[in-house]
Amino acid sequence: MAGNNGRYAPMQRYAQIIGWGKALPDRIVTNHDLEKIVDTSDEWIRTRTGIQQRRIAVDPNETTATLATRAARAALEVADVPASKLDLIICSTSSPEHLFPSTGSLVQDALGATSAGAFDLSAACSGFVYGLSLGKGMIATGQADNVMVIGSETLSRIVDWSDRDTCVLFGDGAGAVLLQASPVPGGVLSAVLGSDGSGGDLLIVPAGGSRQPATLETVASGQHFAKMDGRAVFRFATRIMAEATRQALEKANLSIDDVDLIIPHQANERIIQSSMKKLGLPPEKIFMNLQYYGNTSTASIPIALTEAIEQNRLKPNDNLVMVGFGAGLTWAATAIKWATPGVREAPRWRSGQRSAEYGLARMRSRFLQFSRKVEGSLITEEGEAWSAVLSKRITAWRQSQVETQEEE
Ligand code: COA
């Protein structure tokens, strides 16, 4: 890890968001499409959730890691920072590529971020804000200069497409931000992280972990799909979003009136409206795009942030709040003093250079895999080098040839 190599951290290091990006599958699935597979209606979904359509990763090669990689590359592009400068990659997800290795490590490899540590963060839909908080801590304490925080999901792979209670709600996608150490005051000012595990059963994928390992029965009874008590989650969400926002603002010495924009977790329009009403925030200060993407879990906030920036909803010195809730139960809120001007134009040749670097990263990865195989095949199970074994075998064969010739 880069940081400052064990020297004392400078007095004030702020964590500024200097890059952002999103990645969404191409395939749009509308509410009308869902009417054909479950007993639902466009009207029901719109009025209960606000969702009109979602993106679904129908291509099996499009996964949580590939979406995360695309979003992270977009964030590096905006920041004009090479992947080699990353110190840490935090990948928040509830639909990881595997139980292990971490999706973060796969992203690290795909980016060619050879100086970065990487891991997955499991805090469901609150995970991205958890990641920002960790990233800020690493930067403030001088342990890292550049931290990539990613939220990525392919929830469509763990949703029961015959269960109308859940399948209409979720979508796939990824978002990422690059946090960088800066002497400029601002950036991530505060974070509030919360958990109440007593509500773990309200939103759960019951099987596939150590509690209920995969068996024929768990598969047959659909225990690997997400199960949810929608009403209980709704009640929890409307209470906690307002509370967590107030706490994050208080920690940052800000009041509700100071907020220029709030990006809530994009789960449900009614949850957002009810929470924001409690806070007394007017609609023009609330960012919403769930109508297009549904609930993309931990990816929803960074996707929304990217779109808010693209729509010029943030300018330097604005106070931004991001607040999420989800399975766990978990919640998280952060207050940010925005410092970065809108998208800067990097020289055109830079994008070519970056593509070449990603190509090299792919080659490097394949070479490492290949050399590991070769290395492995050169050592026997007893730990003896194959070259020695081979030379012994050749010697024995030669000897047997000589003996045969002598006998003849
Ligand atoms: N289409 C049509 N009808 C549906 C339906 C669907 N997709 N899903 C449920 N229904 C039915 C129910 O079966 C129920 O029928 P019943 O009255 O005959 O029993 C009826 O609609 C009302 O269900 P109810 O649960 O009261 O609806 P609701 O107003 O609470 O809305 C949710 C349901 C899921 C939209 C809402 O509870 C919610 O958004 N909860 C939070 C979920 C969430 O955000 N989870 C992610 C957290 S990160």
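This is a predicted model: local features need pLDDT of at least 70, side-chain atom pairs count only at pLDDT 80 or more; totals for chains, interfaces and linings use all residues.
**Entry 1: a glycine in a loop**

I started at Gly 186 and found it in the loop between strand E7 (173-182) and strand E8 (187-195). Helices here are DSSP runs of H or I with at least four residues, strands are E runs of at least two, and both are numbered from the N terminus. Residue numbers run from 1 along each chain as its sequence is written.

(Buried takes 20 or more other C-beta atoms within 10 Å, exposed 12 or fewer, partly exposed lies in between; C-beta atoms are placed from the backbone.)

I then looked up its partners. Leaving out residues up to four places away in sequence, Gly 186 touches Tyr 14, Gln 16, Lys 337 and Ala 339; contact means C-beta atoms, placed from the backbone, within 7 Å. Trp 338 is 152 residues from Gly 186 in sequence, yet their C-alpha atoms are 6.9 Å apart.

**Entry 2: the sheet with E8**

I followed E8 into an open sheet of 4 strands, ordered E8-E13-E12-E11, with mixed pairing. (Strands pair if DSSP finds at least two bridges between them.) E8 and strand E11 (261-264) are the edges; each has a single partner strand, so one side of each lacks a neighbour in the sheet. From one strand to the next, the twist averages 10°.

E11 pairs with strand E12 (residues 319-326) in the parallel sense over 4 bridges, and I found Leu 261 opposite Leu 320 in E12. Helix H5 (residues 127-140) lies across E8, E12 and strand E13 (330-337), at about 125° to E8. (Axes are lines fitted to C-alpha atoms, for helices over the stretch in contact, with angles from 0 to 180 degrees between N-to-C directions.)

**Entry 3: the core**

Which residues touch the most other members of the largest nonpolar core? I noted Ala 75, Ile 89, Val 107 and Ile 150, out of 111 residues. (Such a core is a set of buried Ala, Val, Leu, Ile, Met, Phe, Trp, Tyr and Cys residues joined through C-beta atoms within 7 Å.) Helix H3 (residues 64-79) gives this core its largest share, 10 residues.

Terms used: Two residues are in contact if their C-beta atoms, placed from the backbone, lie within 7 Å.
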